[in-house]
Amino acid sequence: MDPLRHVKPAVRALAPYTLALREAPVKINQNENPWDLPKAVKRRVLAKALARPWSRYPDFDPRELLLALARFSGWRADGILAGNGSNEMIEALLLVTVGPGTRVVIPEPTFTLYALMTTILGGEPVRVPLSPRGTPVPEPEAKPRARLLAGEREGPAVPAPAGPSGPVKTQSLGVTYDVEAILKAREESHAPVTIVCSPNNPTGSSLSPAEVERLCEQGDGLVVIDEAYHEFSGQTVVPLLERHPNLVVLRTFSKAMALAGLRVGYLLASPELVREVNKARLPYNLNFFSQAAGIAALEENAALARSVGRIVEEKTRLLARLADLPGVRAWPSDANFFLLECLAADPKAVFAGLLRRGVLVRDVTSYPMLSRCLRVSVGSEKENDAFLHALGTALTEAGMDTTSGRA
């Protein structure tokens, strides 16, 4: 007897969402906030937890947390649903909207859970490729390169291909969302749901509020914007909720809010839609400890905002340093991570070399369009310096001359 014959064939054909267990002193592979909540805040949460009986269920509806989220987000409390991370909110939303044959527009590469859950529920992901963006720019005269990763040293400029007006190089600007392609895919597939991660994991690409408004206006399908990293971009589409009842916004406490270990996320939408999505939420889905920690994190918003500012500053410093390293190219990003494109060396060899030196990044070479990329989370200054120093050695070990960029 084969018990697996009772599992949907479409599910059996899927690769699971998983992450290999690896340990490293410098862990910059999961886009976490490198700065924890202050110990005094943790003690407040612990005291609150110790003061209540653990043998009793948490609140069926986390009313206190929902009111705090309403004040924080600027949206009404009856239009907010909280859960065990934003992943649960993604699941609940798709449970009430996706059935056999339902089409869901998903620009890719992106967070793989959207397509995974759609397929498990019998739906059909409609995949819309992001658009590469690159600009040929004149190559300046060869001159000693500025500061490299291992310190001050000199080397020739990266060799450039010849163009009609002399040497040129192509400056990769990563990838961007193709709004026209998304709109076309929605119209042709008659998809009732479109999911866009903005800023996008793993590319760091964003949709502007004006582009999101276009998606909401041109069709009556649900437009789901996953704002897991919105704090780092400095923009949000929550103000659009007031005039677009087909807009859904997802958020998490796992990134900027420094609560990845306690799994708190929330969904914002019209109260009518939230009532329906709430039917798919499991009873008592958010334990009392996570509820208390979420409220405490919201009370510490000013301190957490400062940590976001530090991360953005560190990202700017990292990108500036990497611009001076031949053979790699860092893609711009609106989030707390960026993609590192290995132009000459094997990215898997670079990943392994970094890990040997105690630095863990994310291998995203299996994603569409990212076969030469690693994803790097922005850590503390100390962690980022360790990454920079380890990278130069890892590139050399992978067979690349870091003075020329040649393999």
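Are F111 and Y114 buried or exposed? In this predicted model, both F111 and Y114 are buried. Across the whole structure, a search finds six aromatic pairs. The rings of F111 and Y114 make an edge-to-face pair, because their planes stand at 90° with the centres 5.5 Å apart. Y229 and F337 also form an edge-to-face pair, since their planes lie at 80° and their centres are 5.0 Å apart. Y229 is found in the loop between β9 (222–226) and α8 (230–233), while F337 belongs to strand β13 (residues 337–342), so this pair ties together parts that are 108 residues apart in sequence. Both Y229 and F337 are buried.

Ring pairs also link Y57, F60 and Y284 into a cluster. Two of the rings already named, those of F60 and F337, have the charged end of an arginine over them, as the table sets out.

| Charged residue | Ring | Distance from ring centre |
|---|---|---|
| R281 | F60 | 5.3 Å |
| R375 | F337 | 5.8 Å |

The cysteines are the last topic. How many disulfides does the count come to? The count comes to zero disulfides. For C342, the closest cysteine sulfur is that of C373, and at 7.6 Å this is too far for a bond, because a disulfide needs the two sulfur atoms within 2.5 Å. C342 counts as buried, with a relative accessibility of 0%, and C216 is buried as well, with a relative accessible area of 4%.

Definitions and conventions. Residues numbered from 1 in each chain as written. Predicted model: local features only at pLDDT ≥ 70, side-chain atom pairs only at ≥ 80, totals over all residues. Heavy atoms only, no water. Buried < 20%, exposed > 50% of the residue type's maximum accessible area, 1.4 Å probe, protein only. Phe/Tyr/Trp six-rings, centres within 6.5 Å; stacked < 30°, edge-to-face > 60°. Helix = DSSP H or I, 4+ residues; strand = E, 2+ residues; numbered from the N terminus. Lys NZ or Arg CZ within 6 Å of the ring centre and 35° of its normal.
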